[in-house]
Amino acid sequence: MTIGIRGPNEHLIGKPGSRHEIGTPALIIDLDILESNISWLAKHAQLHNYEVRPVAKIHKSVEISRLQANAGGRGPCCATIAESEVMVDGGLSDVMLFTSVVTKPKLERLSVLNAKADGLIVVTDDPINVDQLGASARASGKSLKVLVDVEVGGRRTGIEDEESAVEVAKLIAETDGLEYAGVQGYAGGHQGANDLESRRTILDLKLRPLI
């Protein structure tokens, strides 16, 4: 079978009952539900005065990110530099890469990406990485926005104490080629909790030592 431009499942388009023949992984959406959800969240954000930055790591689709941005969302949030490259190449601005870029090959790719991106944002939790990002930004010929990654319970990345976070923020602001853009904190296990005490309970459970 020849694979078409729409991927290995292209021959199933319009074929009755073909859902059970789809080769995975495959992104399947109900367009009516998708558009309804995007619209609902946009209205909720407007009503409650907050901004939405949709996560693109789930769908990895430029078209869905564009729908979300057109509804009033900020640029997409990406987990990898590859995802960020796809979104920028797709014409999206204000793209945010929420994981640190530390290796030489990826820093070089970041420089190329920043040169053509509009408002690219990256994160860091380490002073050495701030210097790396500064060099990458200067090589791109454009300034690069940087967030300080702060540990808020996920126990994966981020600076744990406030003083160190402030020092990294100052270093970003003082580094040629970089713009301090704020802080980032993420703990996915807390997202279903609607109040502070519930989040504290979840965090306490996560931090208990294994017996």
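Visitor: Which exposed residues sit on the face of H6 turned away from its buried side?
Guide: Glu 163 and Glu 174. Keep in mind that this is a predicted model.

Visitor: And which residues of H6 are buried?
Guide: Ala 165, Val 168, Ala 169 and Ile 172. They cover an arc of only 100 degrees around the axis, so they lie on the same side of H6.

Visitor: What covers them?
Guide: The cover over the buried residues of H6 includes S3, H5, S4 and S5.

Visitor: How far does H6 reach, end to end?
Guide: From first C-alpha to last, its 13 residues reach 18 Å, close to the 18 Å expected at 1.5 Å a residue.

Visitor: Which of its residues are buried?
Guide: In H5 those are Asn 129, Val 130, Leu 133, Gly 134, Ser 136, Ala 137 and Ser 140. Their arc around the axis is only 165 degrees, which puts them on the same side of H5. Ile 128 and Ala 139, on the other side, are exposed.

Visitor: What packs over that buried side?
Guide: H4, strand S3 (121-124), S4, H6 and strand S5 (178-185) are among the elements covering the buried residues of H5.

Visitor: What's going on at the start of H5?
Guide: Asp 126 has a side-chain oxygen that comes within 2.9 Å of the backbone nitrogen of Ile 128. Just after H5, Gly 141 has a positive phi of about 85 degrees.

Visitor: Switching to strands: which way do the residues of S3 point?
Guide: Ile 121 and Val 123 go one way, Val 122 and Thr 124 the other, and all are buried. S3 runs parallel to S4, with 4 bridges joining them.

Visitor: Now the largest nonpolar core. Which residues touch the most other members?
Guide: Leu 110, Leu 144 and Leu 178, out of 28 residues in that core. H3 (81-89), H4 (104-116), H5 (127-140), S4 (144-150) and H6 (162-174) each supply at least two of its residues, and H6 gives the most, with 4.

Visitor: What does Leu 110 touch?
Guide: Leaving out residues up to four places away in sequence, Leu 110 touches Ile 81, Val 101, Leu 120, Val 122, Leu 133, Ser 136 and Leu 144.

Visitor: And what's in the second core?
Guide: That separate core has 5 residues, including Cys 77, Ile 121, Val 123 and Leu 147.

Methods
Residues are numbered from 1 along each chain as its sequence is written. This is a predicted model: local features need pLDDT of at least 70, side-chain atom pairs count only at pLDDT 80 or more; totals for chains, interfaces and linings use all residues. Side-chain values use heavy atoms; hydrogens and water are left out. A nonpolar core is a set of buried Ala, Val, Leu, Ile, Met, Phe, Trp, Tyr and Cys residues joined through side-chain atoms within 4.5 Å. Buried means under 20% relative accessible area, exposed over 50%, partly exposed in between (1.4 Å probe, protein chains only). Contact means heavy atoms within 4.5 Å. The arc is that of the directions from the helix axis to the C-beta atoms. A polar contact is a pair of N or O atoms within 3.5 Å; within protein, one must be able to donate a hydrogen and the other to accept it, and residues adjacent in sequence count only if both atoms are side-chain atoms. Two strands pair if DSSP finds at least two bridges between them. The expected span of a helix is 1.5 Å times one less than its number of residues.
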